[in-house]
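Reader: Please take a close look at one part of this model. Start with a loop residue, then move on to other sites on the chain.

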Amino acid sequence: MLKKYAQLIVEQGVNLQKGQILLVDVSIENYKLAREITKAAYNVGAKDVIVNYNDEKITRLRYENNEVEYFDKIPEYLKVMKNTYANE
């Protein structure tokens with residue numbers, strides 16, 4: 001079932017084309033889905049698949065321990081990384 005869901009995500013949801021790079025942001029709890037998405041992406045000819053895992057408990061700690069103003073700006077490294085992949 002997970003394999004079919006991953007194929008649906010890659011082929012229909014993202015409509016990944018041969019030679020494209022896929023950037024996946026996923027919760028660490030969903031590592032199995034991330035692996036299946038990666039396989040499905042390479043099966044349709046992805047140039048590369050970059051998986052960024054996040055941990056929801058750590059994210060919550062970040063929200064609880066920072067001032068609201070901290071979240072007003074997106075860190076430069078994140079903008080550069082995501083825009084680089086978007087422009088490929």
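Author: Asn-15 is partly exposed, at 44% relative accessible area. Here buried means under 20%, exposed over 50%, and partly exposed in between (1.4 Å probe, protein chains only). The model is predicted: local features need pLDDT of at least 70, side-chain atom pairs count only at pLDDT 80 or more, and totals for chains, interfaces and linings use all residues. Residues are numbered from 1 along each chain as its sequence is written, and side-chain values use heavy atoms, leaving out hydrogens and water.

Asn-15 sits in the loop between α1 and β1 (21-27). Helices (H or I, at least four residues) and strands (E, at least two) are DSSP runs, numbered from the N terminus. The phi of Asn-15 is near 55 degrees, a positive value in a non-glycine residue.

Helix α1 covers residues 2-13 and includes Leu-8. Leu-8 counts as partly exposed because its relative accessibility is 47%. Together with Leu-2 and Tyr-5, Leu-8 forms a nonpolar surface patch of about 280 Å² accessible area. Patch members have over 30% relative accessible area and no salt bridge; like charges are joined within 9 Å, nonpolar side chains (Val, Leu, Ile, Met, Phe, Trp, Tyr) within 5 Å. A salt bridge puts a side-chain nitrogen of Lys or Arg within 4 Å of a carboxyl oxygen of Asp or Glu. Accessible areas use the Shrake-Rupley method with a 1.4 Å probe; for residues, only the protein chains shown count as cover.

Another loop, between α2 (31-43) and β2 (48-54), holds Lys-47. Lys-47 is exposed, at 57% relative accessibility. Leaving aside residues up to four places away in sequence, Lys-47 touches Gly-19, Gln-20, Ile-21, Tyr-42 and Glu-88. Contact means heavy atoms within 4.5 Å. The C-alpha atoms of Lys-47 and Asn-30 are 23 Å apart, with the two residues 17 places apart along the chain.
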